[in-house]
Amino acid sequence: MRFPEDVNDDVLNRLRRLEGQIRGVQRMVEEGQDCGAVVTQLSACKAALDKVGYRLVIAGMRHCVAEPEQAGEEPAIEAAELERLFMKLS
């Protein structure tokens with residue numbers, strides 16, 4: 001399944017930001033920062049990663065199930081598969 005360019009760009013930007021957040025958490029651990037601050041940042045990273053997954057599932061629903069002709073192929077993913085993927089995120 002190919003996502004539209006705007007979806008790819010959005011997801012890649014989110015992942016790059018998340019990569020920076022993870023590096024920040026690593027630095028916090030290396031510096032021996034407060035446990036509560038580290039856990040708070042880990043929670044923020046987890047939420048950001050979840051949003052990336054949701055963005056992809058929503059794009060799949062929009063572009064491959066609701067409008068399969070715009071996906072460029074026959075529906076590459078069925079609604080049941082998207083539901084299964086969504087459930088993995090929760």
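Helix α1 of this predicted model covers residues 5-30 and holds 26 residues. From its first C-alpha to its last, the helix reaches 37 Å, which is close to the 38 Å expected at 1.5 Å a residue. Its buried residues are Val7, Val11, Leu18, Gly24, Val25 and Met28. After α1 comes Gly32, with a positive phi near 70 degrees.

The salt bridges come next. Side chains of opposite charge can pair when their charged atoms come close. With a cut-off of 4 Å between a side-chain nitrogen of Lys or Arg and a carboxyl oxygen of Asp or Glu, the count in this model comes to five salt bridges.

An α-helix has 3.6 residues a turn, so residues three or four places apart point the same way. Arg14 has a relative accessible area of 27% and is therefore partly exposed.

A second pair belongs to helix α2, residues 35-66. Here Asp50 forms a salt bridge with Lys46, and their closest N and O atoms are 3.5 Å apart. Asp50 and Lys46 are also separated by about one helical turn, because they stand four residues apart in α2.

Helix α3, residues 79-89, contains both Glu81 and Arg84. Their side chains meet in a salt bridge at 2.6 Å, N to O. The spacing in this pair is three residues, again about one turn of the helix. Glu81 is partly exposed, with a relative accessible area of 29%, and Arg84 is partly exposed at 40%.

Salt bridges that share partners also build a network, one that joins Asp10, Arg14 and Arg55.

Conventions: Residues are numbered from 1 along each chain as its sequence is written. This is a predicted model: local features need pLDDT of at least 70, side-chain atom pairs count only at pLDDT 80 or more; totals for chains, interfaces and linings use all residues. Side-chain values use heavy atoms; hydrogens and water are left out. Helices (H or I, at least four residues) and strands (E, at least two) are DSSP runs, numbered from the N terminus. The expected span of a helix is 1.5 Å times one less than its number of residues. Buried means under 20% relative accessible area, exposed over 50%, partly exposed in between (1.4 Å probe, protein chains only).
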